[in-house]
Amino acid sequence: MSRRPSSYDGVAVCAPVTVPYARFSPESAHWWAGRALQQLARVAGLKPADIDGFCFSSFSSGPDSAVGMIQHLGLTPRWLDHIPTGGASGVMALRRAARAVQCGDADLVVCLAADTNQIDSFRHSLAGFSRFSRDAVYPYGYGGPNATFALITDAYMRRFGITRADFGKLCVAQRANAGSNPLALQRKPLTLDAYLAARPIADPVHLFDCVMPCAGAEAFIVTTPEIAAERGLAAATIMATIERHNAFPQDPVQYRGGWAMDIDGFWDAAGIAPTDVDTLQVYDDYPVIVAMQLEDLGFCPKGEAAQFIRETSFDIDGDLPLNTNGGQLSAGQAGAAGGFQNMTEGLRQIIAQPLGAQVPDAEISLVSGFGLVNYDRGVCTGAALLKALR
């Protein structure tokens, strides 16, 4: 049995930053990271010497890791981490930075993710993304996230009776939410009829089930409540977090994620229930993963996502405001920054600094991450509950 985790007393999360996304960019990931740090410096009044912790995630910064990035950015931190876990990286960065601040290893940690997207770079990144894929499926002419999630989606639909129309409701709601976000790459209204009629990509995955790769950067600061207040930064506290890797490897097809292994302790540590959450920001590379998280995070029992989706509104002023900036499916997926996007948006909503429309009276945000898809499943998961610091 695991020990009960320590609280996150003495930790504040603040200063969410998004560098506006671009479909393609000739610039490097380093350039995008620099833009994010520049924005943070303006928002928080930072000088390089003020940053004594740095946590970094990227798919396209190679050969540089966090070590090369701090030299590029002119930083001299006493605490450093590099998190190569894509969609789970935002939650993981939060967890590690929070403990560093809590233990006194750093006073102010910048958590930053940045990726570029040059012409044809996505295809090249897939070629070396996973040894499992290169050995197990590429030799057969099969691979890539669309193909992998087509199999996961098909199996999930057959097992639980969820339909494309159910997935479509999620996509339509997120597109509606993106309509108020000036930085979203896809803001044109999407109807359910248009969703259902979209061309197939890898059946049953169709066009609007797929994220749009792009370039961009996201960042936030983890520090103490006192430092946040001194700098005039609205902040949030951390109620609880969980993290799990390679959960349920015995499942022949993924239908659940690591959240399901730790969710009871998650809610127990936070002292609240799913019904207390004001806004839900989940990793949404494909809508089947959104449905999976609704179940595994405790909003409905396993196998009942379809009914929950049919009975729930996910708009910004709905029953459960979901991915209020449009999520990756409408705002765009800027590589590893996609794993930070839901963190920055979840934080923005509860400190009343959203990119678009504000969720009414939002105080508690649940942020969930999912990342590193090998040839058959996503391996890394995490979640965090944030509460506005008033």
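How many nonpolar, polar and charged residues does the lining of the largest cavity have? The first legend gives the count. This is a predicted model, where local features need pLDDT of at least 70, side-chain atom pairs count only at pLDDT 80 or more, and totals for chains, interfaces and linings use all residues. Residues are numbered from 1 along each chain as its sequence is written, and side-chain values use heavy atoms, with hydrogens and water left out.

**View 1. The largest cavity and its lining.** A cavity is a set of points on a 1 Å grid over the protein atoms alone where a 1.4 Å probe fits but cannot get out. Points are joined across faces, edges and corners, and the volume is the space filled by probe spheres set on them. The model has four cavities of 30 Å³ or more. The largest holds about 60 Å³. Lining residues have an atom within 4 Å of a point; among them here are Tyr21, Asn181, Glu218 and Leu355. Six are nonpolar, four polar and one charged. Ala, Val, Leu, Ile, Met, Phe, Trp, Tyr, Cys and Pro count as nonpolar, Asp, Glu, Lys and Arg as charged, and the others, Gly among them, as polar. Strand 1 (residues 12-22) gives the largest share, four residues. Strands (E, at least two residues) and helices (H or I, at least four) are DSSP runs, numbered from the N terminus.

**View 2. Strand 9 (residues 279-282), covered on both faces.** In a regular strand, side chains alternate between the two faces of the sheet. Thr279 and Gln281 are buried on one side, Leu280 and Val282 on the other. Buried means under 20% relative accessible area, with a 1.4 Å probe and protein chains only. Strand 9 runs parallel to strand 10 (residues 364-373), joined by four bridges. Pairing takes at least two DSSP bridges. Val282 has Ser368 as its bridge partner.

**View 3. Ala198 in a loop.** The loop lies between helix 8 (192-197) and strand 5 (200-202). Ala198 counts as buried because its relative accessibility is 10%. Beyond its neighbours within four places in sequence, Ala198 contacts His206, Leu207 and Phe208. Contact means heavy atoms within 4.5 Å.

**View 4. The largest nonpolar core.** A nonpolar core is a set of buried Ala, Val, Leu, Ile, Met, Phe, Trp, Tyr and Cys residues joined through side-chain atoms within 4.5 Å. This one has 53 residues; Tyr156, Phe266 and Leu280 are among those with the most contacts inside it. Helix 11 (residues 287-296) gives the most, six residues. Apart from this core lies another, of 42 residues, including Ala97 and Ile350.

Note on methods: 1 Å grid on protein atoms, 1.4 Å probe; cavity = no way out; pocket = protein on both sides within 12 Å on 5 of 7 lines; lining within 4 Å. Buried < 20%, exposed > 50% of the residue type's maximum accessible area, 1.4 Å probe, protein only.
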